[in-house]
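Open the model in your viewer and keep the selection panel at hand. The stops below go one by one.

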Amino acid sequence: MKRFFLGSILLGFGTLSIAAQSGTKSPYSQYGLGILSDQSQGFNRGMSGLFQGFRSGNQVNMQNPASYSAVDSLSMIFDVGVSGQITNFKEGGAKVNAKTANFEYVTALFRIFPKFGASFGLVPYTNVGYSYSTTQQIGSSSTTSTMQFSGEGGLRQAYLGLGYEFFKGFSLGANISYFWGSYKKDITVLSNDDAVKTLSKTYDADVSSYKLDLGVQYRHSLTKTDELTFGATFGLGHKLGSDPSLTVMTLDGQTGVMSASVDTVHNGLSIPMTIGAGIVYSRNKSLFFGADYQLMRWGAESFPVVNENTNNYELVNNYYKDRHKVTVGAEWLPNRMSRRFLNRVQYRIGASYATPYYKINGQDGPKELTVSAGFGIPLVNSWNNRSVLNISFQWANLSAKNLVTENSFRVTIGLTFNERWFAKWKVD
């Protein structure tokens, strides 16, 4: 059993490591570090990722590690998730559809001591994946120039976290993560005239660093059945110790001579300081409603690009901008002890709005609006009545003036496997 458990976790980690690099086909993933993952799990994705004040002993809320202290003494929780989405890209009168599938996350949660929980897992941080081209005619001649753009990669984090309730209602927690990944972004300029030079640029970077996130939660009882839970998180911003490079290759069509140059920026990548807060109101442990706010201080970070004035590959300070995200969500469980199946299903709904974290040619990137709904379906059999199948549906819109508009429909399936591993059995 131990070998099976360890092998399953390692297999899940390996699958996620591969799939995290192909979880998007968005052309917006070519900017910055890529498309940011919302890092939500199956239980809160149906609420558009509400997490700051969400506290449950039956789910893994890895985004606020203070929640780990809520796990009960008999639970060993494993949570895995996969997703699939259909995206429509629209620019002017042109439309293109794309399909993607992704292995989203693997997380686990268990109790060490009373009021002291621990969690580990692996989740994506960014995804890079795109391929498209543009062709234009040069002047009034028959010569055309085609620019091909492609990229792949992403950043991921394997974390270990602890959460402890220091006194009634007040919990602190922390996640420490191994943060790693890579990306490669190619631009190739081709011409139908063999005498014209062919130009290619490759931007690439490898990351191997750490990530530290802190969380706090405080529960305040209003009545015997009603309570408020306040949550807040802080993520440490820092340099990643990565040396991104730009490789430029030129092929002269007349002479056949190829030339190459490589420019490197020392310690050129970073992640921002992140702060957030939220509140959840719960009634009789069956109705939950909450709101979150999160600020990512990307505007304080720099990013390596080709400076148009000096033509040098160097860090610039006005590439990023602060990212603000607001989320609201709700969950309703009619009657946990009811014999009717539909009364034991958890119903979820949510919405979020986020501003971009980068600029495109001097203008703001796309804003993101997400609306979601989901279900938590109890899995009951002769040996388990606490596991849950979480299914969520999301519609996401990314749009910016005079840029590509994306509309995505995403389905996420997560299995929260809740086992009673630590019960003491008595044999008569």
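How many nonpolar, polar and charged residues does the lining of the second largest pocket have? By class, 11 are nonpolar, 12 polar and 12 charged. Here Ala, Val, Leu, Ile, Met, Phe, Trp, Tyr, Cys and Pro count as nonpolar, Asp, Glu, Lys and Arg as charged, and the others, Gly among them, as polar.

Before going on, note that this is a predicted model: local features need pLDDT of at least 70, side-chain atom pairs count only at pLDDT 80 or more, and totals for chains, interfaces and linings use all residues. Residues are numbered from 1 along each chain as its sequence is written, and side-chain values use heavy atoms, with hydrogens and water left out.

**Stop 1: the second largest pocket.** Its volume is about 950 Å³. Select S56, G57, N58, K285 and R336, the closest to its centre of the 35 lining residues. A pocket is an open set of points on a 1 Å grid over the protein atoms alone, where a 1.4 Å probe fits, with protein on both sides within 12 Å along at least five of seven lines; lining residues have an atom within 4 Å of a point. Volume is the space filled by probe spheres set on the points, which are joined across faces, edges and corners. Now colour β21 (367-379). This strand gives the largest share of the lining, three residues. Strands are DSSP E runs of at least two residues, numbered from the N terminus.

**Stop 2: the largest pocket.** Select Q30, Y31, Y132, I360 and N361, which lie nearest its centre among 42 lining residues. The volume here is about 1600 Å³. Elements giving two or more residues to this lining include β2, β3 and β4 (116-137). β4 gives the most, five residues. The lining divides into 23 nonpolar, 11 polar and eight charged residues.

Stop 3: Strands pair if DSSP finds at least two bridges between them. Find V80; V106 in β3 stands opposite. Two residues separate the strands, and G92 in the turn has a positive phi of about 65 degrees.

**Stop 4: E331.** Select E331 in strand β17 (residues 323-332). E331 is buried, at 4% relative accessible area; buried means under 20% (1.4 Å probe, protein chains only). Show the side chain of R348: a polar contact of 2.8 Å joins it to that of E331. A polar contact is a pair of N or O atoms within 3.5 Å; within protein, one must be able to donate a hydrogen and the other to accept it, and residues adjacent in sequence count only if both atoms are side-chain atoms.

Definitions and conventions
Helices (H or I, at least four residues) and strands (E, at least two) are DSSP runs, numbered from the N terminus. Buried means under 20% relative accessible area, exposed over 50%, partly exposed in between (1.4 Å probe, protein chains only).
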